Amino acid sequence: MSDQHSFETLAIHAGQEADPLTGAVVPPIYQVSTYKQDGVGGLRNGYEYSRSANPTRTALEENLAALEGGRRGLAFASGLAAEDCLLRTLLSPGDHVVIPDDAYGGTFRLFAKVVSRWGVEWSVANTSDPAAVRAAITPRTKAVWVETPSNPLLGITDIAAVAGVAHEAGAKLVVDNTFASPYLQQPLSLGADVVVHSTTKYVGGHSDVVGGALVTADTTLADELAYHQNAMGAVAGPFDSWLTLRGIKTLAVRMDRHSANAERVAEMLASHPKVTQVFYPGLPEHALHEVAAKQMRAFGGMVSFRVAGGEEAAVEVCNRARLFTLGESLGGVESLIEHPGRMTHASTAGSPLEVPADLVRLSVGIESADDLLADLAQALG
């Protein structure tokens, strides 16, 4: 499949040629652990054991690489498994990483409670400001880590600008592209070295599978990542890979609807008397709206807002929602609502990444926008 095809075509066809045995148009689920070899050391098409490689996972990895414009994709059991593999590939004791001051709580926990025990140091920067990133870099910095849009405050990082800062210092730029998905944004084309995904979210899109991915255009780094993926073993299983591939086929049309619905939700919240602040890069008043418009196809399905009345008022909004399901995660076809301070970002309490107590985060689904607006109106009271 040529990388000259449009995104929508690649999503359906890349890595998914018809099965040569039967002509099946959907890749089979190779629910198998081991493979017959053609003599000792004679691997058939490179397959020996499904931790090392599995044809269903291969199809997903080839598809993800095509969608992100990379040379190689690697699929993992979860987004954090992908992050763990990347960090252990890039870093050694004594190295340093710059992380965002607004990041997913699980990512922060990985740095603060796990990676730091290996002797890896980290510091926090506002990655929306390239000068702040430059100031946080030390001679031992091996990676700059960004999320854009960020979780949960929907901050935007100018990927090209921060890539320049990182590369000047001899560091890799890692971009968590989960909120945007490869349909809305392709960080490798803007200078990123590695893209990270929780494929649980928009890529899978149906709240029925957990997974993660890494994609890079650097073939040397890709080989190193693949070595660690096999050595560490937190790979995506064949059925999970198949479910994720199924979700990808509709990614483009889903993201169009997510973005359109979220724009209407953000506009409604911005005018509501009980909302004190709305975080959505599609709003013209967002500080980096123009940067987002430059590097994204649309602005995505995530919206956060602060509620007048403080933490308890925010919790009550979450509890009163009916069509928005109270739950963690994001990116599924159904709309979700949560209180980050007590749920997804509880691990950041007391840290520089602590989120506002009056914050509510929405994952805007693909239901009727009118129904979603009505539910939020009654939840806000």
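T348 touches G105, F108, L353, E354 and V355, leaving aside residues up to four places away in sequence; contact here means heavy atoms within 4.5 Å. T348 sits in the loop between β11 and β12. Helices (H or I, at least four residues) and strands (E, at least two) are DSSP runs, numbered from the N terminus. With a relative accessible area of 1%, T348 is buried. Buried means under 20% relative accessible area, exposed over 50%, and partly exposed in between, with a 1.4 Å probe and protein chains only.

Before going further, please note that this is a predicted model, in which local features need pLDDT of at least 70 and side-chain atom pairs count only at pLDDT 80 or more, while totals for chains, interfaces and linings use all residues. Residues are numbered from 1 along each chain as its sequence is written, and side-chain values use heavy atoms, with hydrogens and water left out.

The loop of T348 leads us to strand β12. Two strands count as paired if DSSP finds at least two bridges between them. Strands of a sheet pair through backbone hydrogen bonds, either parallel or antiparallel.

Strand β9 (residues 302–307) pairs with β12 in the antiparallel sense over five bridges, and M302 stands opposite S363 in β12. On the other partner, strand β11 (residues 336–338), the pairing with β12 is also antiparallel, over three bridges; here E338 faces R361 of β12. The pair β10 and β11 runs parallel, joined by two bridges, with L326 opposite I337 in β11.

Is strand β12 enclosed or open to the outside? Five of the five residues of β12 (residues 359–363) are buried, so this strand is largely enclosed by the rest of the structure. L359, R361 and S363 point one way from β12, while V360 and L362 point the other way.

## The seven-stranded sheet

Another open sheet has seven strands in the order β1-β7-β6-β5-β4-β2-β3, with mixed pairing. β1 (72–76) and β3 (121–125) stand at the edges with a single partner strand each, so one side of each is left without a neighbour in the sheet. From one strand to the next, the twist averages 20 degrees. Strand β2 (residues 96–100) and strand β4 (residues 141–147) run parallel and are joined by three bridges; H96 stands opposite T141 in β4.

α2 touches β1, β6 (194–197) and β7 (212–216), and its direction makes about 130 degrees with that of β1. α8 also touches β1, β6 and β7, but its direction makes about 20 degrees with that of β1.

## Helices that meet

| Helix pair | Axes come within | Crossing angle |
|---|---|---|
| α3 (79–90) and α8 (219–232) | 9 Å | roughly 120 degrees |
| α2 and α9 | 8 Å | roughly 35 degrees |

α3 and α8 are therefore oblique to each other: angles under 35 degrees count as roughly parallel, over 145 as roughly antiparallel, 65 to 115 as roughly perpendicular and the rest as oblique. Their crossing is right-handed, whereas that of α2 and α9 is left-handed. A crossing is left-handed if the near helix is turned anticlockwise from the far one by less than a right angle, and right-handed if clockwise.

The contact of α2 with α9 is made by residues including L60, L64 and L67 of α2 and W242, L245 and I248 of α9. The buried residues of α9 (residues 238–248) are P238, S241, L243, T244, L245, G247 and I248. What covers them includes α1 (7–13), α2 (55–68) and α10 (251–270).

Methods:
Axes fitted to C-alpha atoms, helices over the stretch in contact; angles between N-to-C directions.
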